[in-house]
Amino acid sequence: MLRNWKTGLVFMFLSGLILLFVIAPLAGMFLQTPLAQYSETVSDQELMRSIRLTLLCSLAGVLTFGIAAIPLSYVLARKEFPGKGIINGIVDLPVVIPHSAAGIAILGIVSRGTIIGRAGEAAGISFVGGVAGIVVAMAFVSIPFLVNAARDGFASVPEKLEKAALNLGASPWMVFFTISLPLARRQILTGLTMMWARGLSEFGAVVIIAYHPMVTPVLIWERFASFGLSYARPAAAVFVAVCLLIFITMRLLAGRPSRSN
Amino acid sequence: MLYIDNISVRFQSFALEGISLEIQQGDYLALLGVSGAGKTILLEILAGLQKPDSGRILLEGRDITNEKIQKRGIGLVYQDLSLFPHLRVIDNIAYPLRRKGIHIREIRETASGLASRMGVGHLLTRFPETLSGGEAQRVALARTLASEPEILLLDEPLSKLDVKLKSELRALLAQIHKSGKTIIHVTHDFMEAATLANRVAVIENGRLVQHGTPDEVLRHPQNEFVARFSGIKNIFPCSVSRSADDPGLCIAKVSEGPSIFFLGERENLKGYVMVPQEDIIVSEHSVETSAVNRLNGVIKEAYLSGYGMEIVVDAGVEFVVSVSKSSREKLRLEPGKKVWLGFKASAVRFIDN
């Protein structure tokens, strides 16, 4: 179809438009920031602390909630049971609800008066206005990316290979760790990367649970609200650059051709 | 001994019904049938990958019908081999050994030994995607043998190989069988079954229609399907009456074709008459011999078949006849030539409906 030059031209034009739509604002942000401001921003301790906190909180969310999400993805890929469609829908809920509403919802279960909140306080963990709350908020909004990618990854592993492994005497655990997980690893890595990236960029849910300590999206918002665009832009540009660097590295690692794919 | 007792399973559009078989220790059983007959499902039931609706499977007296797949002691080599794509050849073969708590060095030695025995010792570091069909088949065999199964199940192991590789692998399977392994081999090729197996079982539409030695099945097929399946080409529908001249002879009147004499005392029956192509004599003239069946016809086709030739003669119905190349040259058996066919009544078999 694309061999027809008119069709090809229309497709190329529309594709270019979409790419420009994504690239133009980001390129504008980088280009409008003077070079001198970059070096100044990089030595901004408050911003650097905030970026470190954001990266670590999102990573903590991936590590803690991701461990449980992978078995769930396997179950959704392999098992047929009543209500499976509903569960798939529930998994996608954090993507479709407004993130400020997600923050309110999370606050409802982790605030000091709740069972989880009280249990956290007893263990010295404060969710509201604390790192734990940020981790929970980031994981809540980003977990669908991991579950969906890992589910598709497990679904792409031929069930016959798992049965062959069982036939060779492997236990179900061994089959999971030596066949299913390695063969789905590319999609799982993509899911983990997406979950981490989505967690990094979360503002709405985090700002409701914990304005302080300040993660970078909240810091950028505060600088914009208090001092204006020119003060917020360098921080945004540096944060976006860090995110892009990590994202590209992870995509390259996950995208490497492997034997399983 | 493996005892399959009245196994049945029903799917939406297919059912395997009342399969019963006994396989002795050291037997090589070929499970024969056309595609979709239910052979692979039976293998999967034996391996525990499918649950039967009813019936039992006993292995050495132990009921393994509901036993876990990994504890059955039955190894399956899939038709598509199902080699693990992310593991090298050595790790594929070593996979079943990992669980046994054996030292890693011993695992590798055992796997290497098996690989050498299967003729893939030089491929240990290769990944499955880089192997040829024959190499992959050997790796899959080595991997299954590493699990030390009591029974080895093979799903169409030769179907995707070329003639040379088929012959090599056939020799390897014969060698594995000779070492004492009980084998059940699914195939749709009667000759493949006849050259390897000491027992054959024929499945048609989910039912076991005949089992016995390859010779028994070939010589005494129990129905038209088995006869055709076992490669008998001259098989014709007929009605039978007694010969008025010879009480020991029956006459099979082939529908819209000739009458064929065979030994027996049957009458008023409908069925199929079979004439083995190797038992038909071709001559240029009607020759007086002990063969009571003499038919004249015209050669329609002549083609190479194995080491000799096959000619197709229209004698009211089309007979396929095996001849040597030298006979063909001597008698100039070319299409269009008129010839006589002769065969003894004792060579003809009848299957009633």
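This report walks through a predicted model of chains A and B, from overall layout down to single residues.

Because the model is predicted, local features need pLDDT of at least 70 and side-chain atom pairs count only at pLDDT 80 or more, while totals for chains, interfaces and linings use all residues. Residues are numbered from 1 along each chain as its sequence is written, chains are lettered from A and ligands numbered from 1 in the order in which they are written, and side-chain values use heavy atoms, with hydrogens and water left out.

**Chain B overall**

Chain B has 9 helices and 20 strands; these are DSSP runs numbered from the N terminus, with helices being H or I of at least four residues and strands E of at least two. Its C-alpha atoms fill a box of roughly 80 × 45 × 35 Å along the principal axes. Of the 353 residues in chain B, 51% are buried. Here buried means under 20% relative accessible area, exposed over 50%, and partly exposed in between (1.4 Å probe, protein chains only). Among the contacts in chain B with a separation of 6 or more, 62% link residues 24 or more positions apart, a contact being heavy atoms within 4.5 Å.

Leu43(B) sits in helix H1 (residues 39–47) of chain B and is buried, at 1% relative accessibility. Leaving out residues up to four places away in sequence, Leu43(B) touches Leu31(B), Leu76(B), Leu153(B), Leu154(B), Asp155(B), Ile184(B) and Val186(B). Take Leu76(B): it is 33 residues from Leu43(B) in sequence, yet the C-alpha atoms are 7.9 Å apart.

**The five-stranded sheet**

Chain B also has an open sheet of 5 strands, ordered S13-S12-S11-S14-S20 with antiparallel pairing. At the edges are S13 (259–263) and S20 (349–352), each pairing on one side only. From one strand to the next, the twist averages 40°. Inside the sheet, S11 (residues 235–242) and S12 (residues 249–254) pair in the antiparallel sense over 5 bridges; for two strands to pair, DSSP must find at least two bridges between them. Cys238(B) stands opposite Val254(B) in S12(B).

Chain A has a cis peptide bond, joining His212(A) and Pro213(A), with omega about -10°. Pro213(A) is in the loop between helix H11 (204–209) and helix H12 (216–227) of chain A.

**Helix H1 of chain A**

Helix H1 (residues 5–31) of chain A has a kink of about 30° at Ile23(A), shortly before Pro25(A). That bend is the angle between axes fitted to the seven residues ending there and the seven starting there. At the N-terminal end, Asn4(A) caps H1(A), with a side-chain oxygen 2.9 Å from the backbone nitrogen of Lys6(A). The buried residues of H1(A) are Gly8(A), Gly28(A) and Met29(A).

**Where the chains meet**

The contact takes 23 residues from chain B and 20 residues from chain A. About 2,000 Å² is buried between them, with carbon and sulfur atoms giving 64%; buried area is the accessible area (1.4 Å probe) that two parts lose on being put together, summed over both. Gln70(B), His86(B) and Tyr95(B) supply 31% of what chain B buries against chain A, more than any other three residues.

Conventions. Polar contact = N/O pair within 3.5 Å; in protein donor to acceptor, adjacent residues only side chain to side chain. Axes fitted to C-alpha atoms, helices over the stretch in contact; angles between N-to-C directions.
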